Amino acid sequence: MDHKQQVGVQSHVEQMGSVADSSMLDLDDECLDSPGTEAGKTQIPISGQQLPFSDGFPVGGNKMIRNGFYGSIKTVVFSNKLNLLMPFGPLAILVHKLTASNGWVFFLSLLGITPLAERLGYATEQLAFFTGPTVGGLLNATFGNATEMIISIYALKSGMTRVVQLSLLGSILSNMLLVLGCAFFCGGLVHNRKEQVFNKATAVVNSGLLLMAVMGLLFPAVLHYTHTERQVGKSELALSRFSSCIMLVAYAAYLFFQLRSQNDLYSPIDEEGSHHGEGSDNDEDEAPEISKWESVIWLTILTAWISILSDYLVDTIQGASEAWDLSIAFISVILLPIIGNAAEHASAIMFAMKDKLDISLGVAIGSSTQISMFGIPFCVVIGWMMGREMDLNFQLFETATLFITVIVVAFFLQEGTSNYFKGLMLILCYLIVAASFFAHEDPTTTDQSKQPKT
């Protein structure tokens, strides 16, 4: 009896072990196959934990790839309410094919580009998780301005050099006044019991670069309006091209200064958030939602789609101006940059409300610095290669507006602090600028003197 009892107990233990092993395998399969669990996301395995493999490949790998692909589309396309405007892009192309209403095509293209610009900024932020904070900030500023640059290149291709000048100028004004003003205002309302601070050294460097850009735009305009050119019609263009090359060299030196030489000067920008913010919020912010290669693929797709809509946008801007009885200057300086800066606008406000004002300042002022020191000179050089007489003479009214704006913003940034009152003042300044361009009629938009000679 003792021997039989021992055999019975042993068989019972073996059955329990087999049941436990089968239940564990079933649990592993459920974790791999269930699309609603956290296994569908990209995670680092726990140390010592191994996934089941079969012939060198993980079990259920095809399902994981499928879940990752569909999950990426769900995250990028269906996770933002602003993406409800995406169908307006194909609708603009359809209206252009069926009708000759330039005003509607321009309006629909403008609406279609809005969510694409925001998603472009989102994909850039996701890619920044894998490149580090400094390179990530540079990528954010670069792809944040990709919409304006694409529109400018298509306008240059069509010979609309004045639209290029006005749209780039409007992007600088929008970033410095509207985007930064809304960030200061919203951040000040959320944190109304204290005065928010930011890295004053970074603001001073960017203000100096903006003043240098104003100097580069000022001298060609002064040379033109004082009629002191040695060679009429040539000296102004030659000075613009020379100054553009100098500005590009200065911007390259600034990048080297920021990324290599004085990297510790800019590292406190990210440390400010960890010192003043909650640790849980920072941990959530530092978790990427899509992988590195998914970010690169989405950047490529969104850039291509923006390029297609920008072509329709540029082709119908003249018709929209006539249909809406608005000047091309107002459309180029006010309407186009608001759409192009949608990504910067949303992210700057979000970071300011989280008391990460250094990042908001880098998004707004950093974008303005990049457009003024890289975008405008780059368009001059590209126009030079295309045979377009793109110069730095932005005319007297526009140059004076930019000069006063840079001075006003520099005064607001000199203390290194912000509150909702400063933000409100910047927003009101932008309303004055918008009203000025609404009342301003630019005579050079219809002037054919800057068209390419045939």
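Of the 454 residues of the protein, 45% count as buried, where buried means under 20% relative accessible area, exposed over 50% and partly exposed in between, with a 1.4 Å probe and protein chains only. This is a predicted model, in which local features need pLDDT of at least 70 and side-chain atom pairs count only at pLDDT 80 or more, while totals for chains, interfaces and linings use all residues. Residues are numbered from 1 along each chain as its sequence is written, and side-chain values use heavy atoms, with hydrogens and water left out.

**Overall picture**
- The protein has 19 helices and four strands; helices (H or I, at least four residues) and strands (E, at least two) are DSSP runs numbered from the N terminus.
- Among contacts with a separation of 6 or more, 83% join residues 24 or more positions apart, contact meaning heavy atoms within 4.5 Å.

**Helix H18**
- H18 (residues 396-413) has 18 residues and reaches 26 Å from its first C-alpha to its last, close to the 26 Å expected at 1.5 Å a residue, that is, 1.5 Å times one less than the number of residues.
- Its buried residues are Glu 398, Thr 399, Thr 401, Leu 402, Thr 405, Val 406, Val 409, Phe 412 and Leu 413.
- Seen down the axis of H18, these buried residues fall within an arc of 155°, so they line one face of the helix; the arc is that of the directions from the helix axis to the C-beta atoms.
- The buried residues of H18 pack against helices H7 (161-190), H8 (200-225), H17 (357-386) and H19 (420-439), and against strand E4 (417-418).
- Turned away from the buried side, the other face of H18 carries the exposed residues Leu 396, Ile 404 and Phe 411.

**The largest cavity**
- The largest cavity holds about 40 Å³ of space; on a 1 Å grid over the protein atoms alone, a cavity is a set of points where a 1.4 Å probe fits but cannot get out, and lining residues have an atom within 4 Å of a point.
- Its lining consists of Glu 148, Ile 151, Ser 167, Leu 336 and Pro 337.
- Helix H6 (146-157) and helix H15 (328-340) are the elements that give two or more residues to this lining.

**Trp 104**
- Trp 104 sits in helix H4 (residues 102-128) and counts as exposed, at 54% relative accessibility.
- Trp 104 and Ala 320 are 216 residues apart in sequence, yet 7.7 Å apart in space, C-alpha to C-alpha.

Notes:
1 Å grid on protein atoms, 1.4 Å probe; cavity = no way out; pocket = protein on both sides within 12 Å on 5 of 7 lines; lining within 4 Å. Points joined across faces, edges and corners; volume = space filled by probe spheres on them.
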